[in-house]
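I opened this notebook to record what I looked up in one structure. The entries follow the order in which I took up each topic.

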Amino acid sequence: MSYDVIVVGAGPAGLAFVRGLAGTGLRVALIDRQPLSDLIDPAPDGRAIALTHRSVDSLRTLGAWTSIDPAAVSLLRSASVLDGASSFALPFGTQDVREDHLGTLVGNHHIRRALFAVTAGQPGLTIFAGVATAAVSTDRRGATVTLENGRSLRGHLLVAADSRFSDIRARLGIAARVNRLGRSMLLAEVEHDLDHRGIATEWFDYGQTIALLPLAGRRSSVVLTLPEDAIARLASWSPTALSTELTRRSGEHLGTMRMTGRSHVYPLATTWSEHFAATRAALIGDAAVGMHPVTAHGFNLGLRSAVSLSRLVGAARARRHDIGGSLLLRRYEAAHRMAAAPLFAATGAIVRLYTDEHLPARLVRPTLLRAAGRMPLVRSGVSRMLMHR
């Protein structure tokens, strides 16, 4: 079975890349191990995505933004960072950047549903759902993907969009630095007594990190990070008991919390692929870079990679150039590395400093926050990065 492009992974990055090829006339195969029903109507997974202005613009250009229910969209008007037992909060707002909000919060499943809805009927697209890949090979002539059901697909370009633990990346022989942090996140959507006023709060407390992400009304997404065994214990608690514990751990910042659904647990790991491209193949989304969630830019970076590659492939197609040629793939890799490397390094530094429980780090952290609070240019620079990265 012959195609121009073969994409493995129908998550947001894979779908955005495929949608970006609309109108090019390319024949595209999209492969995902999930059944078609789960791609059409994905279940809530607990993740509230903080979209930058750039990402919202990209989703709008792809035609997916209008497919998202406005009731599922919440504006992130400002952010506040706290450390330990200190009452000082470092604010990041929009007063210096002429915008009325920092970003937009949308449930991951809403984004996935909208992207699939606008992509599924795309001319030239064939979807292989509910099937995994059994083998992958590439050479200068093209790429071959063998499915577990025995089908063999041949294309000019293979794109891996199959998570930070990418099977395709491994099969292509691309090494990756995988850092399993020994900690997990517990995500829970809650109602609460007090108004969050559209402010996201990140609290690097001693022994835990907790983020409160504002949703529509008096609701928030709570993200609690602890060692894996501690999170596993909490996840086994009843909703009532866990609601009480989240209220306590958040210092009653938003008053009493009441869970509105079940909790979700995700082990923390970061990944950095040594290469974002190989012969006739490219990595996008988390398959290229798996970010730590502390700066909330993993999704945005993944979407950016999908849009970047689709534009290069579309332009090559329009000029009748090779859509999987080495020059195109080198251009993609260089551009995405330039976008990802500084953010990945800065995020790693923040995580190391603000999760270090040793006394020297505890002493330095509040000093740095207060120093940043006295530097308007630093705050406005961070705000711009949060909004537009």
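Before anything else I noted a definition: two strands pair if DSSP finds at least two bridges between them. I also noted that the model is predicted.

**Entry 1**

I looked up the bridge partner of I49 first, and found V106 in β7. β3 and β7 run antiparallel and are joined by 4 bridges.

The 3 strands form an open sheet in the order β3-β7-β4, with antiparallel pairing. β3 (48-51) and β4 (73-76) stand at the edges with a single partner strand each, so one side of each has no neighbour in the sheet. From one strand to the next, the twist averages 30°. Helix α4, residues 108-119, packs on this sheet and touches β3 and β7. The direction of α4 makes about 80° with that of β7.

I then asked which residues of β3 are buried on its two faces. A48 and A50 lie on one side, I49 and L51 on the other, and all are buried, which leaves both faces of β3 covered.

**Entry 1: the sheet of six strands**

I next looked up an open sheet of 6 strands. Its order is β8-β2-β1-β12-β20-β19, and its pairing is mixed. β8 (125-129) and β19 stand at the edges; each has a single partner strand, so one side of each is left without a neighbour in the sheet. For β8 I looked up the pairing with strand β2, residues 28-32, and found it to be parallel, over 5 bridges. Within this pairing, D32 has A129 of β8 as its bridge partner.

I also noted a helix beside this sheet. α9 lies across β12 (157-160), β19 and β20, and runs at about 10° to β20.

Two packed helices are described by the angle between their axes and the distance between the axes. I looked up both values for two pairs.

The crossing of α3 past α8 is left-handed. On the α3 side I found R54, S55, S58 and L59, and on the α8 side N300, L303, R304 and V307. By class, the residues of this contact of α3 with α8 are 3 nonpolar, 3 polar and 2 charged.

After α3 comes G63, whose phi is positive, near 85°.

The second pair is helix α1 (residues 12-20) with α8. The axes are 8 Å apart and the angle is about 25°. That makes α1 roughly parallel to α8. α1 passes α8 in a right-handed crossing. The residues in contact are P12, A13, A16, F17 and G20 of α1, with F299, G302, L303, A306, L309, S310 and V313 of α8. The contact of α1 with α8 holds 9 nonpolar and 3 polar residues, and no charged ones.

**Entry 2: positive phi values**

Most residues other than glycine have a negative phi. R280 lies in the loop between β19 (277-278) and β20 (281-283). Is R280 buried or exposed? Its relative accessibility is 10%, so R280 counts as buried.

R320 is not a glycine either, and its phi is positive, about 65°. R320 sits in the loop between α8 and α9 (326-354). R320 is exposed, as its relative accessible area is 80%.

**Entry 3: the surroundings of T225**

T225 has a relative accessibility of 9%, and buried means under 20%, so T225 counts as buried. What does T225 touch, not counting residues up to four places away in sequence? I found R183, S184, M185, Q208, T209 and L268.

Technical notes. Residues numbered from 1 in each chain as written. Predicted model: local features only at pLDDT ≥ 70, side-chain atom pairs only at ≥ 80, totals over all residues. Heavy atoms only, no water. Axes fitted to C-alpha atoms, helices over the stretch in contact; angles between N-to-C directions. Contact = heavy atoms within 4.5 Å. Left-handed = near helix turned anticlockwise from the far one by under 90°. Nonpolar A, V, L, I, M, F, W, Y, C, P; charged D, E, K, R; others polar. Buried < 20%, exposed > 50% of the residue type's maximum accessible area, 1.4 Å probe, protein only. Parallel < 35°, antiparallel > 145°, perpendicular 65-115°, else oblique.
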